[in-house]
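Work through these exercises with the model open in a viewer. Try each task before reading its solution.

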Amino acid sequence: MNSLAQWWRALPNGPDPETWPHRPASLRQTLAFRPLWTGLGCALALFFSQVFWLLHRLSPNSDSAFRGYDYFTLPRCGLAIRHGTDVFTSAETYASYGPWATSWVTHPNLCVFPGVPLSYLPPFAGYWLFNLFNLALHLFILVHFARRAAGDAGTFHGGQWRDHLMFGLLGFFFPMYVLYYQGQYHSLAVLALMLVFLQPRNPALGFIVSAFGKPLLGPAGLVLLVRGMWKTIALIALALLIGYLPWFFLNYSLEQGIHLGRNTSLAPFFDIGSHYLKYNVPRWNQEQSMASFLGEWMSPDAQLYLRYLFGLIVTLIGAVVLRRKPLELAVSLVTLWFFLVYARGHDYHATLLIPVLAYLWCQRPQWYRTRFMLLIAAMYALPTSYALFRTVLGFTGEVSGEAMLASSPLLYYCFVAQKPVATLLLTGNILWQEWLKDKAAEIDPDGHGETAVQQV
């Protein structure tokens with residue numbers, strides 16, 4: 001045991017990461033930072049607007065009569081764990097629990113927690129409890145980064161109009177409305193990323209939460225490898241070993257007990273996940289992905305290679321090129337692989353950008369506190385042109401992709417392109433500010449090229 005402890009103490013965990021140079025503001029200073037109140041007010045207004053179904057027509061994901069249709073897969077697969085039935089058919093097996101629900105189970109571990117405890121609650125009691133957790137997470141993100149901004153008084157001066165606008169966008173971030181409405185557990189991916197921001201010296205917990213919820217941080221593991229963060233990697237590997245092996249070699253039933261035996265229940269998870277990392281359904285009305293964006297100009301096979309090339313580039317640059325930059329920045333860039341590769345994009349996916357945009361704005365303001373970043377944030381935060389079909393153009397029911405294209409090709413292409421273009425702009429902005437600008441300075445140390453561009 002002593003030798004194991006000695007080995008652990010001797011195990012390196014990478015170089016000390018670049019830390020934020022300012023001390024976080026006190027509670028009093030944070031509360032005096034007026035843009036925070038703009039953000040909190042907007043976040044609460046957004047939450048209560050979905051309580052009363054005020055904006056559900058503005059997104060195809062919320063344009064449904066079935067509130068919480070993603071949430072109810074959680075307690076239903078929790079019931080499957082309790083009764084020893086297949087979690088991937090639990091939507092049909094336990095259809096009497098709550099309203100209609102989708103049959104997609106994002107990760108079997110979520111069926112154990114929070115699925116099992118939620119299954120003991122009345123259907124909508126669990127739904128609203130989960131939404132209160134999502135609201136608390138949203139508010140916490142705003143307060144956390146407001147503390148950083150308020151601590152940098154020399155830059156933020158108590159809050160200028162641009163800070164009010166950014167915090168307003170981060171608060172009234174419409175994809176959060178969709179996440180509340182659906183009861184989407186994508187918020188666990190947001191939580192995982194926030195845990196990395198909270199503990200950049202040892203981000204193991206964030207990666208573990210991601211692996212057991214939505215494994216979007218998986219490619220960012222390369223960031224840890226390149227930096228030699230072996231203690232963090234060891235902790236993650238141990239957690240994965242403990243958390244995943246039972247799904248392969250144990251059969252669960254809380255009422256009948258747990259017994260050894262080969263468990264094949266993960267097969268549908270891998271099959272479905274692999275499909276959505278490849279191809280999309282052309283012109284499905286909920287798609288706002290890079291796949292649907294590129295699918296209007298090239299074949300599925302051709303754009304598949306291009307999307308994966310995009311994903312590979314941001315992963316390698318984030319891990320290798322940005323290895324001397326803050327870990328939070330590198331992980332943020334690598335996380336964009338999901339928006340480039342995943343074939344089926346929904347509004348609520350953009351909630352993953354709330355902590356990323358807040359981090360860039362509040363902790364790297366010398367590069368990102370710009371009008372261009374406000375434009376990118378607005379493209380993520382505001383509703384898409386789908387809203388115009390259900391309001392201005394007078395469509396009385398849910399609008400299919402084909403109907404959008406037939407009635408207004410321009411608005412349809414705006415709908416498809418808004419979030420993918422925002423991702424390309426954000427990716428390009430980070431690459432320019434953190435890498436290419438330095439390369440350009442090396443080529444033109446006197447800055448003549450940059451001056452010429454500014455004059456144009």
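**Exercise 1. The whole chain**

Task: Find how many helices and strands the chain has, and what share of its residues count as buried.

Solution: 
- Keep in mind that this is a predicted model.
- Start with secondary structure. The chain has 26 helices and two strands.
- Turn to burial. Of the 456 residues, 53% count as buried.
- Finish with contacts. Take those with a separation of 6 or more; residues 24 or more positions apart account for 77% of them.

**Exercise 2. Helix 3**

Task: Compare the span of helix 3 with its expected value, then find what covers the buried residues of helix 3.

Solution: 
- Set the limits. Helix 3 covers residues 34-51, which makes 18 residues.
- Check the span. From first C-alpha to last, helix 3 reaches 26 Å, close to the 26 Å expected at 1.5 Å a residue.
- List the buried positions. They are P35, L36, G39, L40, A43, L46, F47, S49 and Q50.
- Look for the cover. It includes helix 2 (27-31), helix 7 (123-151), helix 9 (161-171) and helix 10 (174-182).
- Phi of W53 is near 60 degrees, a positive value in a residue other than glycine.
- Classify W53. Its relative accessibility is 34%, so W53 counts as partly exposed.

**Exercise 3. Helix 10**

Task: Determine how many residues of helix 10 are buried and which helices are included in their cover.

Solution: 
- Count. Nine of the nine residues of helix 10 are buried, so the helix is mostly covered.
- Name them. The buried residues are F174, P175, M176, Y177, V178, L179, Y180, Y181 and Q182.
- Identify the cover. It includes helix 3, helix 7, helix 11, helix 20 (353-363), helix 22 (371-381) and helix 25 (409-443).
- Check the residue that follows. G183 has a positive phi, near 65 degrees.

**Exercise 4. Two helix pairs**

Task: Find the angle at which helix 11 and helix 12 pack, and the angle for helix 7 and helix 9.

Solution, helix 11 with helix 12:
- Helix 11 (residues 187-198) and helix 12 (residues 204-212) pack at about 165 degrees, with axes 7 Å apart.
- The angle is over 145 degrees, so helix 11 is roughly antiparallel to helix 12.
- The crossing of this pair is left-handed.
- Helix 11 contributes L188, L191, A192, L195 and V196, while helix 12 contributes L205, G206, F207, V209 and S210.
- By class, the contact has eight nonpolar, two polar and no charged residues.

Solution, helix 7 with helix 9:
- This pair packs at about 160 degrees, with axes 10 Å apart.
- That makes helix 7 roughly antiparallel to helix 9.
- Helix 7 passes helix 9 in a right-handed crossing.
- H138, L142, F145 and A146 of helix 7 meet F167, L170 and G171 of helix 9.
- The contact divides into five nonpolar, two polar and no charged residues.

**Exercise 5. Helix 17 and V321**

Task: Find what the buried residues of helix 17 pack against, and decide whether V321 is buried, exposed or partly exposed.

Solution: 
- Take the span. Helix 17 has 22 residues and reaches 30 Å, close to the 32 Å expected.
- List the buried residues: Q303, L304, R307, G311, V314, T315, I317, G318 and A319.
- Find their partners. These are helix 13 (221-226), helix 16 (290-295), helix 18 (327-335), helix 19 (337-341) and helix 25.
- Move to V321, which lies in helix 17 (residues 300-321).
- Apply the cut-offs. V321 has a relative accessible area of 31%, so V321 is partly exposed.
- Pick out its contacts. Leaving aside neighbours within four places in sequence, V321 is in contact with L316 and W435.
- V321 and E434 are 113 residues apart along the chain, and their C-alpha atoms are separated by 9.1 Å.

Technical notes
Residues are numbered from 1 along each chain as its sequence is written. This is a predicted model: local features need pLDDT of at least 70, side-chain atom pairs count only at pLDDT 80 or more; totals for chains, interfaces and linings use all residues. Side-chain values use heavy atoms; hydrogens and water are left out. Helices (H or I, at least four residues) and strands (E, at least two) are DSSP runs, numbered from the N terminus. The expected span of a helix is 1.5 Å times one less than its number of residues. Buried means under 20% relative accessible area, exposed over 50%, partly exposed in between (1.4 Å probe, protein chains only). Contact means heavy atoms within 4.5 Å. Axes are lines fitted to C-alpha atoms, for helices over the stretch in contact, and angles run from 0 to 180 degrees between N-to-C directions. Angles under 35 degrees count as roughly parallel, over 145 as roughly antiparallel, 65 to 115 as roughly perpendicular and the rest as oblique. A crossing is left-handed if the near helix is turned anticlockwise from the far one by less than a right angle, and right-handed if clockwise. Ala, Val, Leu, Ile, Met, Phe, Trp, Tyr, Cys and Pro count as nonpolar, Asp, Glu, Lys and Arg as charged, and the others, Gly among them, as polar.
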